[in-house]
Amino acid sequence: MEYKKSIIGREHEQKLIQEYYHSPKAELIAVYGRRRVGKTFLIRECFDNKFDFHFTGSFETPRNTQLQLFYRELERYSGRKWKKQKNWYEAFDDLRDYLSSLRKDRMVVFLDELPWMDTPKSSFLSAFSYFWNNWASTVPGLKLFVCGSATTWMISKFIGDKGGMHGRANRQLYIRPFTLYETEKFIQSKGIDWSRYQIVEAYMTMGGIPYYLDMLESHLSFNENIDQLFFSEGAILKNEYDFIFRSLFKDSKVYRSVVELLSSRSSGMTRQDILNALKLEDSGVFTEVLDNLCKCDFLRQYSAFGKKERGQMFQLVDLFSLFHLQFVEHADGQDIHFWSNMLDNPRRRTWEGYAFEQVCLHHIQQIKLRLGISGILSEVCSWSCKPFTDKNGNNHKGTQIDLLIDRHDATINLCEMKFSIDAYSIDNDYANRLNTRKETFRIVTGTKKSLHTTMITTNGIKQNKYSGVVQREVTLNDLFRNEL
């Protein structure tokens, strides 16, 4: 097995897969991540689509049909007929007999979409557990890759199983969406010659998901691509949002309600605020909903500065969902050039500003690298305060900082994120606002640390008599750095 140059990015993941393959012991590798993120593609490419056995579960397919499909795959790989399997115990027993006949030093088995095989009352997981614990785990050359888009199932029922599979998945490989660095490499591999500004626009729309990025066409502009994929007649991605939730979560209604609520609250909400807004009961079920949405990269859970647990906030960070809920869901289909015609629309500009903030949050490591603090222990959080009167009787306006980096070298970076096609120009009013915000933060928090106003922009800051208010700068090019 060799490193595959044909795979865009994923250098770290490929290295791990090679280590697992060459390990002298049996390996059970659980590969998981958001739907469409490229899990199956990665495993197939790493092994040139050559497996000793490969089976993919089918969405919303009953057990008997799944077994019939499993039986056919077993026939194809073994070249022999098998007695019809009545249950998963028999199916895995036959798989054991087939693999035992191979007598190879290395055997690679790939079971894809494992959660879809676990249909109600199928006893799939207990049969799989028996297969692994009683035989497969004792075969040194066996490398069993299991994959699933239903991240919640993979984590809670497989990796975190309290029964026979507890602790058995000795390797876990989480596949994240592309970074901007990987997105640029992927887009360039398709022969698309776009500026980094346009690539960020694509990232803000599709969230670094390879499956969606692969649909981009080189002969179309960015706006034309978005019109074709989301707003044209029969647009292929128009209904993708609905399918994602149906395939990931059994009770998708409450999950969708949380995501849709947070899509209109840019800074996020507390757990209690979400409960109140949706009129839901505070329960373990709701806790599971929030946990699952975080594990599937739809939400992020973060702390407000100085508040820790009491200030936990939940914020929508899945850019594809945000774009869908802001624009696609309410499109009536009458304007097939909707996105192109939104070019100078204030609504689009507002979305761009918020989406760019999310892009920055997805690239904290690159920001730290540019600031030269990647090796310094730090915490990323937000902060806000309501209007108040200080001890001297002075009135202060409320303010909010969406991103601050609290460093253990007695420094805090107060970050401002601005998306603009040209260099960002700071005027007198904005300079005063930045200084006031810094002073308000110091008064309210009582911090003794140095405060550095930090601007994260697409094309830098235009140098003028007000630009000196900024201590540190991060530009779009910095976000494209490969953190590895």
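This is a predicted model: local features need pLDDT of at least 70, side-chain atom pairs count only at pLDDT 80 or more; totals for chains, interfaces and linings use all residues.
Side chains of opposite charge can pair when their charged atoms come close. In this model the count comes to 20 salt bridges. Three of these pairs are taken in turn below.

Start with D406 and K449. Their side chains meet in a salt bridge, with N and O 2.6 Å apart. The pair links distant parts of the chain, 43 residues apart. D406 sits in strand β11, residues 399-407. K449 lies in the loop between α20 (428-445) and β13 (450-457). D406 has a relative accessible area of 13%. That value is under 20%, so D406 counts as buried. K449 is partly exposed, at 24%.

Next come R407 and D409. A salt bridge joins their side chains, at 2.8 Å from N to O. R407 is buried, with 7% relative accessibility. D409 is partly exposed, at 32%.

Salt bridges can also share partners. One network formed this way joins E201, D344, R348, R349 and E352. Within it, D344 pairs with R349. The closest N and O atoms of D344 and R349 are 3.7 Å apart. The cut-off for a salt bridge is within 4 Å, so this pair counts. How accessible is D344? Its relative accessible area is 64%. This is over 50%, so D344 is classed as exposed. R349 is partly exposed, with a relative accessible area of 35%.

Notes:
Residues are numbered from 1 along each chain as its sequence is written. Side-chain values use heavy atoms; hydrogens and water are left out. Buried means under 20% relative accessible area, exposed over 50%, partly exposed in between (1.4 Å probe, protein chains only). Helices (H or I, at least four residues) and strands (E, at least two) are DSSP runs, numbered from the N terminus.
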